[in-house]
Amino acid sequence: MGASLPLQKISELIATGEIIPDQELVELITEHSKRVKTNKRQSFFPDEGQFRRSLYPKHIAFMAAGAKYKERVMLAGNRVGKTVTGAFEVMTHATGDYPLWWTGRRFNTPTQMWVAGQTSETTRNILQASLLGSFAEPGTGMIPAESIIRTTPKAGVPDAISDVWVKHVSGGISLISFKAYDQGIESFMGTEKHAIWLDEEPPMPIYSECLVRTMTTRGIVLCTFTPLKGLSEVVMSFLPGGRIDTDNRKKFLVMIEWDEAPHLTKEEKDLLYDSIPPHQRSARTKGVPQIGMGEIYPVPEEIIACDPFEIPSHWARFFALDVGWKVTAGVWFALDRESDVLYIYSEYYRGECEPSIHADAIMARGSWIPGVVDPASAGANQKDGERLMDIYTRFGLNLNIADNSIEAGTLAVFQRLSSGRLKVFKTCINWFREKRLYRREESRSGIVKILKEDDHTMDATRYGIMSGIEVAITETSWNNSNNYIEYRQNFPKSGTGVGRNKITGY
């Protein structure tokens, strides 16, 4: 009976008293348990079973990308297996014992590597434990016990290891050194490395230094972390414009969420989710960079975005304009009065050209459509002292000064977004790009303000929500007016503020 059963099953039967083992069987089971305990790598990413490799395609893709990319990052939710993935790859590079399915980067010689975390304590508790197991019993982690030659303790940190020497299949010896960001950038200088694993997000100076350390070896730098620091320098280097660049040939990024981790049960996910602060949920469950409490419009894009459709002629329209030399941006609104839903259906985004160019593009979207504009346009043009408002009006635009109340305006936009009364066509790519980055940040003096960077469509949206509905008209109303002069006589004068449209009654 025993000979025909797996040893694990035999152990279970012994525990229940269904089998009384002899000495030989006890020794066999003990040896089997020891080998399983000291060769942990065999249990990860197997061909078959409940947690077979095919169920973790993004984890595998991350490791495979090492063959092509020097820089990689895994932005992942908590407990999805990011540390296991990093440890598995480090172990393969240290031993040179690559599995048959491995398609990632290969080193044919022994490797020199760094593994680093936030502090010496977290490096010990997480990375050292993942790779080596317990301090008292090294070899119970990802690196097999038979491959570990020796370790050296880390001064000043109890039970921490500084370096571990590992047998390489070539007959040589690999070296893994454990480091921490709180040691400072100086500790990351000086020596070349084949691979560096940064678990948890590093400061940008340390990340840059790690890239330098791998230059001469054509080495790799892999990062695995939950993006709780939000749109930091490191994250933004992988997310230009706040979104994944699938055409990036130099850097690889993958996001992994809870639903892509089969080892997490629904009960575990529900329990964890309830314990996470709302502003951290996207980062901790989906690996989406946390903007945190500073996010101005924390509304999921799937609620806001809609497929483009033809705007009915009886819907009122208007546009809002944010003017500037660096960027002039406009957004066009259509209002379904029956449902009180506004749709942003078009955008204009261009910089460093004359007002005549902007005016032509705006007029091309409908010369009859009235607009509201950044109050700053009523000031003097830095170029020649002439008001931008007058320049654009002379080119034929029908503009009115918008209400520029910042706090009231952002609240009004948020209320429409969160209630589903403001939708945006998916084709408005600049709008969505800016929305992802639109946030408040605390200054050195402790004052929290909206970050005034790359926010042109956001400003235009605020102008439109605060002032545009009052000037909105339908194309039918325009066509029914006798002529342009009559229309201008009945419409509030440009630059005098926003009032009620005397033709439409709105």
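Which side chain meets that of Arg436 in a salt bridge?

Modeller: This is a predicted model, in which local features need pLDDT of at least 70, side-chain atom pairs count only at pLDDT 80 or more, and totals for chains, interfaces and linings use all residues. Residues are numbered from 1 along each chain as its sequence is written, and side-chain values use heavy atoms, with hydrogens and water left out.

The side chain of Arg436 meets that of Glu301 in a salt bridge, at 2.6 Å from N to O; the term denotes a side-chain nitrogen of Lys or Arg within 4 Å of a carboxyl oxygen of Asp or Glu. This pair links distant parts of the chain, 135 residues apart: Arg436 lies in helix 14 (residues 429–437) and Glu301 in helix 10 (residues 301–304). Helices (H or I, at least four residues) and strands (E, at least two) are DSSP runs, numbered from the N terminus. Arg436 is buried at 18% relative accessibility, whereas Glu301 is partly exposed at 25%. Here buried means under 20% relative accessible area, exposed over 50%, and partly exposed in between (1.4 Å probe, protein chains only).

The structure holds 16 salt bridges. One of them joins Asp307 and Lys426 at 3.0 Å, N to O. That pair also links distant parts of the chain, 119 residues apart, with Asp307 in the loop between strand 9 (305–306) and strand 10 (316–322), and Lys426 in the loop between strand 15 (422–425) and helix 14. Lys426 is partly exposed, at 46%.
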